[in-house]
Amino acid sequence: MKINKIGRLEGEITVPSDKSITHRAIMLSCLANGVSHIDNYLESADCISTINAFKSMGVDIVQNGKRLIINGVGLNGLKKPSSDIDAGNSGTTTRLLAGILAGQKFNVTIIGDGSLSLRPMKRIIEPLRQMGVNIFAKNDNYLPLTIHPGENLKSIDYISKVASAQVKSCVLFAGLYADGVTKFTEPEKSRDHTERMLKAYGADIVEKGLSVSVHKCNKLTAQNIKVPSDISSAAFFMAAGLIVKNSRITIKEVNINETRSGIIKVLKNMGANIVIKDVSFVSGEEVADIEILSSDLHATEIGGKIIPTLIDEIPIIALCATQAEGITVISGAKELRVKESDRLKAVASQLSKMGADITETEDGLIIKGKTRLKGTDVDSFKDHRIVMTLSIAGLVAEGQTTIIDSDCVQISFANFYEVLKSICK
Ligand code: S3P
């Protein structure tokens with residue numbers, strides 16, 4: 001993809017639906033009794049991996065425009081697939097599905113693409129083993145992952161070292177099948193879509209501080225869910241609107257759940273002119289329009305408990321920091337090294353190539369702003385969030401930016417370049 005510097009951005013846009021909510025809505029609808037409708041679901045490569053996984057286990061899933069109609073088979077109605085389940089690039093599919101598969105009566109193997117096969121699975125293997133599941137993985141940490149469910153899952157009281165919604169969801173899903181009460185405690189609060197949605201489908205969930213407990217469940221009940229737009233996709237346009245001069249963008253109906261919207265707090269701390277409008281509740285999630293005006297940004301410090309609430313937005317926040325006066329320090333973000341790529345390395349190396357003053361630390365980034373960026377050849381590391389970060393960088397860089405392997409926008413935001421073109425003036 002080639003990107004040229006542009007004059008300004010103006011208009012109203014809708015970004016794709018939330019990826020995390022779509023995965024969970026598909027999974028719980030498949031396990032529920034009755035017919036669920038999921039409106040406005042995200043039809044991206046990652047969510048298609050989840051749909052195909054459940055189709056291969058005998059669930060009837062029909063697509064009707066922007067609606068998915070799922071005829072749930074009940075918690076114990078999945079069938080052994082005829083081959084391995086391919087989770088593609090999707091960590092969420094793999095880790096959440098592993099929790100569900102732990103409760104089934106058949107053996108199954110999950111495989112994935114090159115990137116997913118390098119991502120750590122020990123974090124879910126450990127709690128699932130404690131629950132009585134036999135799991136085999138390459139070097140005890142990587143895909144392929146073969147799950148041999150235990151006879152009777154045992155409930156556990158698990159204290160996780162990482163704040164990860166994927167690990168939390170895996171344990172809570174397995175907990176639906178375990179005798180007694182399964183408790184999960186995390187070091188910081190990660191996104192809570194699973195807790196919200198499990199409650200809506202009828203599971204017995206109790207949240208207390210950093211802990212969540214789930215009771216063994218006999219039945220989930222089908223629901224109709226409307227999926228709001230994804231703040232992690234909106235983030236690229238929030239940044240673009242701020243750093244491209246004379247811009248004004250409105251992003252419609254974005255999920256602003258507190259456990260996801262750390263980016264809004266951080267950008268406001270940096271002096272961003274962002275207005276949250278028309279807040280409402282849709283399917284148990286807070287939704288609002290976000291208005292962004294170009295702003296003179298200044299540096300900030302980001303670390304501690306806010307990190308899980310903006311974990312996927314750090315690459316694009318780092319780009320904003322290159323356009324902000326002063327030194328921005330991001331710490332406590334080691335998890336970025338085990339995402340679809342090593343995002344600390346990807347961001348530091350590629351934005352440096354474009355002229356940014358950005359240094360990688362063990363668990364974060366130090367960025368000195370404000371720098372003039374120059375267009376050049378950059379690499380996406382086949383990571384959707386890195387491609388989109390570099391594309392927005394290209395809008396403010398002198399000359400032309402060429403991004404290698406830009407196709408991976410498909411993972412979460414297939415029409416990213418069309419939406420971008422629609423507001424370029
Ligand atoms: C996700 C949780 C986060 C996030 C990922 C989606 C989810 O991962 O980075 O894009 O849907 O639960 P971790 O749980 O590994 O932090």
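This is a predicted model: local features need pLDDT of at least 70, side-chain atom pairs count only at pLDDT 80 or more; totals for chains, interfaces and linings use all residues.
Numbering starts from 1 along each chain as its sequence is written, and side-chain values use heavy atoms, with hydrogens and water left out.

Let's go to the ligand. An oxygen atom of it is 2.6 Å from an N or O atom in the side chain of Arg24. For Ser164, the side-chain N or O atom is 2.7 Å from a ligand oxygen, and for Asp312 that value is 2.7 Å too. Taken alone, the ligand exposes 390 Å², and the protein buries 95% of that (Shrake-Rupley, 1.4 Å probe).

Who else is around the ligand, with a heavy atom within 4 Å? Among them are Ser20, Thr92, Arg95, Gln166, Arg191 and Lys339. Two or more residues of that shell come from each of helix 1 (19-31), helix 3 (91-101) and helix 5 (165-175); helices are DSSP runs of H or I, at least four residues, and strands are runs of E, at least two.

Three strands make an open, mixed one, in the order 1-24-23, where pairing takes at least two DSSP bridges. Strand 1 (2-4) and strand 23 (377-379) are at the edges with a single partner strand each, so one side of each has no neighbour in the sheet. Strand 1 runs antiparallel to strand 24 (residues 400-404), joined by 3 bridges, and Asn4 has Gln400 as its bridge partner there.

Definitions and conventions
A residue is near a molecule or strand if one of its heavy atoms lies within 4 Å of it. A polar contact is a pair of N or O atoms within 3.5 Å; within protein, one must be able to donate a hydrogen and the other to accept it, and residues adjacent in sequence count only if both atoms are side-chain atoms.
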